[in-house]
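Student: I have a structure open and want to learn to read its features. Where do we start?

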Amino acid sequence: LGVSGDHDYFRINVSTAGILTLQTTSNTNPYGFLYDASGTELAQNDNQDSVNDLNFRISRPVTAGTYYLFIRHYDSAGTGPYTLWSDLMTPPVITQQPAAGAITAGDSHTLRITASGRGLTYQWYAGAAANTLLPVAAGHSLTVSPVNSVSYWVRVSNAAGFRDSTPATLTVDTAAAGQSWSSRTSGVASTLWSVEWLGNRF
C-alpha cells in the first residue's frame with residue numbers, strides 16, 4: 001500500500017476443497033475482503049477479531065475454484081508495507097484401510113489405519129460403516145479382544161473435514177477356543193470321569 005488510497009488485488013486458484021486461510025503481517029493496518037468468482041463477498045476482516053491487532057485474518061471453507069482477495073488500508077489515507085500469507089488445509093486422505101482378520105475367542109487383534117493430512121484425529125467405532133452409536137477408542141490403531149465376530153471402522157478428522165474407513169470385520173472362532181480341553185486320567189481309568197466342552201455359556 002504505497003500511496004494514499006492504494007488497493008491490492010489477488011486471484012486465488014483453489015484446486016480442491018479445504019479451509020483457506022489468508023492473513024497479513026505488518027506494522028500498518030491492512031483490511032482484507034474475499035470474493036468468489038462471481039464477485040460475491042464471502043468474508044472480510046480487519047484485525048483478526050482483536051482490537052489490538054493491526055492485521056487481518058480470513059479463514060473459511062472453500063471448494064475448488066477461483067477467488068479474489070482485495071486489500072486496502074483501514075484508514076483511507078493510510079499507507080505501509082505488509083506480507084500476505086496463505087494456507088489451504090485439506091481433509092484427510094486414507095492411504096491404507098484397516099484389514100479384516102480371523103482370531104480365536106480370547107485372543108487380541110490390532111487394527112491399524114494410515115492417513116495423510118494435518119492435525120489428524122482418529123475415532124474408532126464398532127458396527128456398520130457411518131454408524132457412530134458405538135464408539136470404541138481413539139488413536140491410529142485399535143487393539144480388541146471380541147468374543148463374537150464384529151466389524152470396526154475409523155473416522156479420521158481434521159479442521160477441514162473427515163474421511164471414514166471401510167469396515168474391517170474380525171471373525172471370531174468360538175469353537176477353537178475349547179479345543180485345548182481334554183480328559184486327563186492321571187493313571188486312573190478314564191471311565192471315572194470325562195471333560196466335555198459345552199461352549200462359552202451354560
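Tutor: We will go through a sheet, a histidine and some aromatic rings. Keep in mind that this is a predicted model.

Student: How do strands make a sheet, and what order do they take in the open sheet of 4 strands?

Tutor: In general, strands of a sheet pair through backbone hydrogen bonds, either parallel or antiparallel. Here the order is β1-β6-β3-β4, and the pairing is antiparallel. β1 (7-14) and β4 are the edge strands, each pairing on one side only. From one strand to the next, the twist averages 20 degrees.

Student: How many bridges hold β1 and β6 together?

Tutor: There are 8 bridges, in the antiparallel sense.

Student: What about β3 and β4: what do they form?

Tutor: A hairpin, with 4 residues between the strands. G39 sits in the turn and has a positive phi of about 95 degrees. Strand β3 (residues 30-36) runs antiparallel to strand β4 (residues 41-45), with 4 bridges joining them. L34 stands opposite A43 in β4.

Student: Where does H73 lie, and is H73 buried or exposed?

Tutor: H73 belongs to strand β6 (residues 65-73). Its relative accessible area is 11%, so H73 counts as buried; the cut-off is under 20%.

Student: Which side chain has a polar contact with the side chain of H73?

Tutor: That of T28, at 2.6 Å. The backbone nitrogen of N29 also lies 3.4 Å from a polar atom of the H73 side chain. Beyond residues up to four places away in sequence, H73 touches L1, T28, N29, P30, Y31, G78 and T79.

Student: Now the rings. How many aromatic pairs are there?

Tutor: The count comes to 5. Y125 and W153 make a stacked pair, with 4.7 Å centre to centre and 20 degrees between the planes. Stacked requires planes under 30 degrees apart.

Student: Why does the Y125 and W153 pair tie together parts that are apart in sequence?

Tutor: Because Y125 is in strand β12 (residues 121-126) and W153 is in strand β15 (residues 150-158), the pair links parts 28 residues apart in sequence. Both Y125 and W153 are buried.

Student: Which residues form one aromatic cluster?

Tutor: Y9, Y31, F33, F70 and Y74.

Student: And which residue lies over the face of F162?

Tutor: R155, at 4.1 Å from the ring centre.

Key
Residues numbered from 1 in each chain as written. Predicted model: local features only at pLDDT ≥ 70, side-chain atom pairs only at ≥ 80, totals over all residues. Heavy atoms only, no water. Phe/Tyr/Trp six-rings, centres within 6.5 Å; stacked < 30°, edge-to-face > 60°. Helix = DSSP H or I, 4+ residues; strand = E, 2+ residues; numbered from the N terminus. Buried < 20%, exposed > 50% of the residue type's maximum accessible area, 1.4 Å probe, protein only. Lys NZ or Arg CZ within 6 Å of the ring centre and 35° of its normal. Polar contact = N/O pair within 3.5 Å; in protein donor to acceptor, adjacent residues only side chain to side chain. Contact = heavy atoms within 4.5 Å. Pairing = 2+ DSSP bridges. Axes fitted to C-alpha atoms, helices over the stretch in contact; angles between N-to-C directions.
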